Structure formats: C-alpha cells, structure tokens
Amino acid sequence: MSLAADADAALFPALPGTEPEGPPVDPRFEGGTAFVDGEYVPILEARIPLIDRGFLRSDATYDVFHVWRGYAFRLEDHLDRFERNMGKLHFKIPYAKAEIGEICLECVRKSGLTEAFVLMTTTRGFGPRGTRDPRLCTNRFYAYAVPFVWIADEAARGRGFNLHVSKIERIRPQSVDPTVKNFHWIDLTMGQMEAYDAGCDTEVLVDSEGHITEGPGFNVFVVKGGKITTPEGGVFDGMTRRTVIEMAAELQNPVTERLVSIAELSEADEVFLSSTAGGIIPVTQIDGKPLGDGKPGRLTKRMHDLYWGQKAKGWLGTKVYG
C-alpha cells in the first residue's frame, strides 16, 4: 500500500473517539484474559510460580503487539521476532508460531477487545531441586491481552514530552543483547525516577561513550534540516521504530541509522519517540529547554497522522474477529 497519497493529510487530528464494539463476553474476562498452564483465565487470576526463573532472574523474553480497531498490527512480524529471540536464549516450548499467534488472538477475543495490548512471554521456568543448570529447566509460555495501554494520551501527544537525558548508562549490548526483548529494566526504571526528579516526563539513556540509546519502551528519532536519524547501537529493534523507517523510506525521506550524540538531540529541529503503547510521540523539550518553538514539529505530526490514519484502515493488520 502506497503511503504517499495520505502524506499531506490534516496534521495531528484527534484519534477516532469511539472504538468499535467487540462481541459479548463473560464478565469475568472483561478486564483482560491470560493464558497460563494451557488454560485461559481472567487476567486478575493469572499466576506464575514464584520459583520460575523468569521472575527470580529475569530469565525470559517477551514480545508485545497491539490490536487497533479490531486488527492485530504486524502480528506475523512480532511472532517472527519472538520465535527468533526464543532461539537466541535456547528456549523451547510446545507451541508452533501459528499456535502462539492463535493463543494471543484468543486472549483478545475472550476479552471482547477491539483495541488491546497483547503480551507473549517465555520464561526459563524451573528445574529439579538443587541444580542451577538452565538446560534442566522446563520452559514456560504465558500470554495475556488487556485494554490498550497508552504511555502518552491525546493531551500528552498534543503538547509533547519533556525528555530527560539520563546520566545512567544503558546496559551494554556486550552484556545483554538489546535486540532480545527482555525484562532487564532496572537501568531504565532508575532513569525514569531521575527524570521525574528533574521535572520531566520520561528519559533516554546513554551508552558508555555518551551516545543516545533508548528509553523505557521506546526508540528515539532526531530531525535536523528535514533529515531523520535514529540510534543504531545498543537499542531494541522496536516494531514501531521499524514501521517509522519503512514509512519514511516510502515518503522519500529515508531514516539514517547511526550513533547520535547528546548535542545532536539537544540541537535538533524535532525529536519524536516510537512505541507500541503510543505510536509516534512528539518531544518538545529536552530537560526543560524547548526544541524549536516548543511545539510538535511538522514532520513529527506528519508521521503521527500517517501512522494512525493508515492503521485505522487495517494497514499491516490481521483481523481478530470473523
């Protein structure tokens, strides 16, 4: 599908206000549905064993996709990435890729949701008593669907985020592969606390050389002179990040992936974030200092509106119902 025809649509419109209704559901599942130990249960009744190494040692990988207007966005891409990352961690579960996708969609259906946040995760599980050998563990698969989660609501997207550049270094990729989605979030969480103390909305961490990496659940894009750049090292290959890169290429404004300095971030014309739980999120201040005129930039708005406008049409989507 060509995006060029929609590239100059009205900038930054409010998203459609009323979501389509899903089918009637058991009231127990209205808040969300989880898949645990081969059974579907209400989200608030979902449990994992305390001795699961996923809980005890963050020994797990996960992936998150969202459902918008009844369509699961880039489901196959998420499943491919999840399967690849399980392989990197030597995980094996008794479900094929297609079965994992169906389990996730069934969590959505049982909840009656048409706009949802869906998580799948595989943990190391646990093995016989008295051993720490991860090869002896039985890996465990979990999934759940809950109503769509925003990290930036309409008001926040309208005014833009105040982004803090944290002094905390992102876990080095030589230690933990950032392309494997994981729960190693202590650095990100402490950076978030630092951002709040500084009066900011969220933060971006740096690498050992002082280059920009990523924030809690999002990637960063910098715009200067109409050209878009995003960090290439020490970051997760976010699906929304991938989508922005693809959209920009189709609009004849390709994204450059390279190291990005703090100075480049601070001196940018525009900065925006990309996240499953928010789409395209404008940044209008860096540590309290306005970027440009202190309002979301034109290119940011263009990408935001194109992303949501195309998704409302089922772009790159898998139909959940019917």
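Is Pro42 buried or exposed? Pro42 is buried, because its relative accessible area is 5%. Buried means under 20% relative accessible area, exposed means over 50%, and partly exposed is in between, using a 1.4 Å probe and protein chains only.

Now some ground rules. This is a predicted model, where local features need pLDDT of at least 70 and side-chain atom pairs count only at pLDDT 80 or more, while totals for chains, interfaces and linings use all residues. Residues are numbered from 1 along each chain as its sequence is written, and side-chain values use heavy atoms, with hydrogens and water left out.

Back to Pro42. Pro42 sits in strand β2. Helices (H or I, at least four residues) and strands (E, at least two) are DSSP runs, numbered from the N terminus. Pro42 and Leu79 are 37 residues apart along the chain, and 23 Å separates their C-alpha atoms.

Next, the sheet. Strand β2 belongs to an open sheet of seven strands. Read the order with me: β2-β1-β6-β5-β3-β4-β15, with antiparallel pairing. Two strands pair if DSSP finds at least two bridges between them. At the edges are β2 (39-42) and β15, and each of them pairs on one side only. On average, neighbouring strands here are turned by 25° against each other, direction ignored. For that angle, axes are lines fitted to C-alpha atoms, for helices over the stretch in contact, and angles run from 0 to 180 degrees between N-to-C directions.

Look inside the sheet. Strands β3 and β5 run antiparallel, and eight bridges join them. Which residue in β5 is the bridge partner of Tyr62? That partner is Thr121. Hold on to Tyr62.

Here is the largest pocket. A pocket is found on a 1 Å grid over the protein atoms alone: it is an open set of points where a 1.4 Å probe fits, with protein on both sides within 12 Å along at least five of seven lines. Lining residues have an atom within 4 Å of a point. The volume of the largest pocket is about 510 Å³. A volume is the space filled by probe spheres set on the points, and grid points are joined across faces, edges and corners.

How many residues line the largest pocket? The count is 31, and Tyr62, Lys181, Trp185, Gly217 and Phe218 lie nearest the centre. Two or more lining residues come from each of β3, α2 (75-88), β5, α6 (239-250) and β12 (270-275). Helix α6 gives the most, with three residues. By class, the lining has 16 nonpolar, ten polar and five charged residues. Nonpolar means Ala, Val, Leu, Ile, Met, Phe, Trp, Tyr, Cys and Pro; charged means Asp, Glu, Lys and Arg; the others, Gly among them, count as polar.

Then the second largest pocket. It holds about 230 Å³ of space. Its lining has 13 residues, and Ile51, Phe126, Gly127, Pro128 and Thr131 are the closest to its centre. Helix α1 (residues 53-57) supplies the largest share, three residues. This lining divides into five nonpolar, three polar and five charged residues.

On to salt bridges. A salt bridge is a side-chain nitrogen of Lys or Arg within 4 Å of a carboxyl oxygen of Asp or Glu. The structure has 23 of them.

One joins Glu115 to Arg69, with the closest N and O atoms 1.5 Å apart. The two residues are 46 apart in the chain: Glu115 is in the loop between α3 (97-111) and β5 (116-126), Arg69 in the loop between β3 and β4. Glu115 counts as buried because its relative accessibility is 9%. Arg69 is buried too, at 14%.

Another pairs Asp187 with Arg170, at 2.7 Å between the closest N and O atoms. Asp187 is in helix α5 (residues 186-197), and Arg170 is in the loop between β7 (161-169) and α5, 17 residues apart. Both are buried.

Asp237 is partly exposed, at 23%. There is also a network: Glu102, Glu106, Arg109 and Lys110.

Last topic: backbone angles. Most residues other than glycine have a negative phi. Arg69 has a positive phi, near 55°. Leu316 also has a positive phi, near 55°. Leu316 lies in the loop between α8 (298-311) and β15 (317-319). With 40% relative accessibility, Leu316 counts as partly exposed.
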